[in-house]
Amino acid sequence: MGEEKKTLVEILEEHTPIDIVKYIDFVHAPQCGAISTFSGTTRDTFDGKAVMELRYEAYVPMAIRCIKSICSNARMTWNLDLIAVAHRLGPVPVSETSVFIAVSSVHRVDSLDACKFLIDEIKATVPIWKKEVYANGEVWKENSEFLHRRSHLAGVAQDNGGSSFGRTEERHRKSCCSVKVRVDDERTALTNANGAGSGQAE
């Protein structure tokens, strides 16, 4: 079975819950002794404010392309069999799952490490945006992975005389995407020449 058939990536339409069993079943294989998963769910508070729901938007074609690239990069680092990634769009109420990842491997260390790598890279680079809706307002949020990546790239640019095309860590070179800016007119997203995204998940 080729890599394409061993990787399932889905960006789900609004009001479509994530079928966790479906993705666990996809990665199940008799030759694998481990299945590692990550489930990102909406929590009910942030900085003392009551969260009503999260709302997600995405540049879907690029998001799918980036996630598949991240999965390919994970395969180059760890001995993995099957990978499944699903992300919801639209409103995600408290306690419901917004992003789910499942990875199978012969030995647990590969799938465990790869699962963390996958969610970190998705949140840092994939063009999916998150809005937190509170009882008294709402705000678009940038997660810590994206902020760290942006800070890292700014430091690299400074070290290389203002150019962002310098040496970076191997893990960051593997990412399909770099920094992307969201223009909050509800419709327009500006991307850099590499077509990158700020990962906003869970």
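**Note on the predicted model**

1. Helix α3 covers residues 108–125. Its 18 residues should span 26 Å at 1.5 Å a residue, and its end C-alpha atoms are 26 Å apart, which agrees. The expected span is 1.5 Å times one less than the number of residues. Helices (H or I, at least four residues) and strands (E, at least two) are DSSP runs, numbered from the N terminus.

2. α3 is mostly covered, with 13 of its 18 residues buried. Buried means under 20% relative accessible area, exposed over 50%, partly exposed in between (1.4 Å probe, protein chains only).

3. This is a predicted model: local features need pLDDT of at least 70, side-chain atom pairs count only at pLDDT 80 or more, and totals for chains, interfaces and linings use all residues. Residues are numbered from 1 along each chain as its sequence is written, and side-chain values use heavy atoms, with hydrogens and water left out.

4. The protein has five helices and 11 strands. Of its 202 residues, 47% are buried.

5. Cys115 counts as buried because its relative accessibility is 5%. Cys32 also counts as buried, at 15%. The whole structure has zero disulfides (cysteine sulfur pairs within 2.5 Å).

6. Mean pLDDT (the predictor's confidence in each residue, from 0 to 100) is 81, and 70% of residues reach 70 or more. Over residues 163–175 pLDDT stays under 50, and the model has 24 contacts there beyond four places in sequence. Residues 183–201 also stay under 50, with 69 such contacts. Contact means heavy atoms within 4.5 Å. Where pLDDT is low, the predicted coordinates should not be read in detail.
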